[in-house]
Amino acid sequence: MTEPHIPVTEDELHAYVDGELPAERTAAVEAWLATHPEDAERVEAWRAMGQALHARYGNVLDEGVPKRLELDHLVKAPRRWIFGAVAATLLAFIVGGGVGWSVRSVSAAPADPLELLRREAITAHKLYIGEVRHPIEVAATEAHLLPWLSRRVGTTLRAPDLASFDLKLLGGRLLPGITAPAALFMYENPAGERVTLYATPLKTATSGFIYKEDNRVALVEWVADNYGYAISGPADKPRLKGIARASYEQMEKR
Amino acid sequence: MIAFRPGVEAMIPALRRYARALARDPDIADDLVQDTLVRALRSEKLFVGGDLRSWLYTILTNLNRNRRRSLARQPQFSPLVENAPDASGTEAESRDIARALATLQEDQRAVLLLVMLEGMSYREVADIQGVPIGTVMSRLARARAHVKNSLEGMRPSLRRVK
């Protein structure tokens with residue numbers, strides 16, 4: 001039965017265009033459109049938009065698949081360096097490095113150590129999660145990863161096991177840090193979402209977990225025994241706090 | 001269930017279409033597809049059934065989000081003039097739609113393309129983005145309103161003068 005008296009919502013107009021409207025509401029929406037020319041005009045514009053998208057990108061389907069995307073090729077050959085990727089990587093290093101450097105020199109005045117930790121950790125996170133080919137310096141499979149980073153950072157580092165969060169350790173890298181070198185561990189889930197753990201010496205009072213969000217990227221930072229730590233990843237407070245707590249507990253057991 | 005590799009292979013053209021619209025630059029788009037495929041192949045043994053198509057789109061969407069976050073730290077360069085040859089559609093019109101897409105916020109662009117270009121259901125898009133359906137719908141509504149406005153703004157003749 002149709003219910004023409006229930007007013008049509010904006011969501012229903014979208015659902016109508018996308019074929020997601022329950023059949024029993026179709027007549028009501030069509031009756032509505034017949035008497036509401038502004039909504040009818042919007043629906044028409046959305047349809048035209050769909051046609052324009054298909055006109056613009058539909059022909060990609062007919063293009064031959066380039067060699068580098070053939071599965072046999074991807075399985076056999078190690079991935080080649082692609083000019084664009086190399087250029088993008090270099091650019092990221094140069095520009096990223098430049099920004100980091102200018103921030104460092106501008107903030108000559110002593111700042112809140114937690115603020116510094118936050119800034120360094122989120123900067124490193126944002127820079128390296130975007131690296132498709134070189135997100136890490138040393139892979140988790142290499143035995144010298146932890147001894148090397150521990151030696152440089154000056155404490156016995158452990159990379160926490162985050163399998164219970166569906167995260168696998170990719171590896172780590174060494175970074176300049178705030179007052180001393182820092183270690184960055186990168187984790188990834190099967191869908192490609194990345195989470196990093198940043199650790200560096202930081203002489204300040206021990207703190208609890210602090211959550212900060214910045215444009216859909218977030219971090220949880222804490223200080224323990226003169227080391228500052230930060231877990232960064234997609235903004236999701238309970239999840240990131242859970243990861244931070246698990247990391248803290250595992251690293252404390254030593 | 002379709003065998004894993006042929007299933008992935010069959011998706012390559014559609015993934016390229018989505019990536020092309022998402023990233024605009026054809027080379028970057030193919031980089032994204034390549035990396036999506038490499039990841040998919042690497043996780044072949046982990047894939048225990050389920051929706052292969054959604055899974056591949058999820059990987060690609062995440063990879064692009066990572067890429068955008070890392071780019072967000074860089075100064076904005078003015079985008080290159082679209083110089084990909086257009087095989088169909090009037091050229092001016094398709095440039096307009098590409099330009100309108102470029103002004104969308106990342107998650108809104110992904111929703112718009114997944115629904116309108118790739119024909120995904122709201123449910124599938126919600127799974128891909130890891131958000132509730134309500135969020136998908138509000139992103140879609142905002143994206144459509146934004147693209148509509150910017151398409152209209154590009155055609156001065158249609159501007160209402162009062």
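Predicted model: local features only at pLDDT ≥ 70, side-chain atom pairs only at ≥ 80, totals over all residues.
View 1. Look for A:E188 in strand β3 of chain A, which covers residues 182-188.

**View 2. Who touches A:E188?** Leaving aside residues up to four places away in sequence, A:E188 touches A:D166, A:L167, A:K168, A:L170, A:E193 and A:R194, plus B:R39 and B:R42 from chain B. With B:R39 there's also a polar contact, side chain to side chain, at 2.4 Å.

**View 3. Where chain A meets chain B.** Zooming out a bit, 56 residues of chain A are in contact with 61 residues of chain B. The area buried between the two chains is about 5,500 Å², and carbon and sulfur atoms give 59% of that.

**View 4. A salt bridge between B:R20 and A:E63.** Here B:R20 pairs up with A:E63, and their closest N and O atoms are 2.8 Å apart. Across the whole interface of chains A and B there are 7 salt bridges, and 17 residue pairs are in polar contact, with both partners at pLDDT 80 or more.

**View 5. The helices on chain A's side.** In chain A, α1 (10-17), α3 (37-57), α4 (71-76), α5 (83-106) and α6 (113-129) each supply at least two residues to the side that touches chain B. Helix α3(A) gives the most, with 12 residues. Sorted by type, the residues on this side of chain A come out as 30 nonpolar, 10 polar and 16 charged.

Note on methods: Residues numbered from 1 in each chain as written. Chains lettered and ligands numbered in written order. Heavy atoms only, no water. Contact = heavy atoms within 4.5 Å. Buried area = accessible area lost by both parts, 1.4 Å probe. Salt bridge = Lys/Arg side-chain N within 4 Å of Asp/Glu carboxyl O. Polar contact = N/O pair within 3.5 Å; in protein donor to acceptor, adjacent residues only side chain to side chain. Helix = DSSP H or I, 4+ residues; strand = E, 2+ residues; numbered from the N terminus. Nonpolar A, V, L, I, M, F, W, Y, C, P; charged D, E, K, R; others polar.
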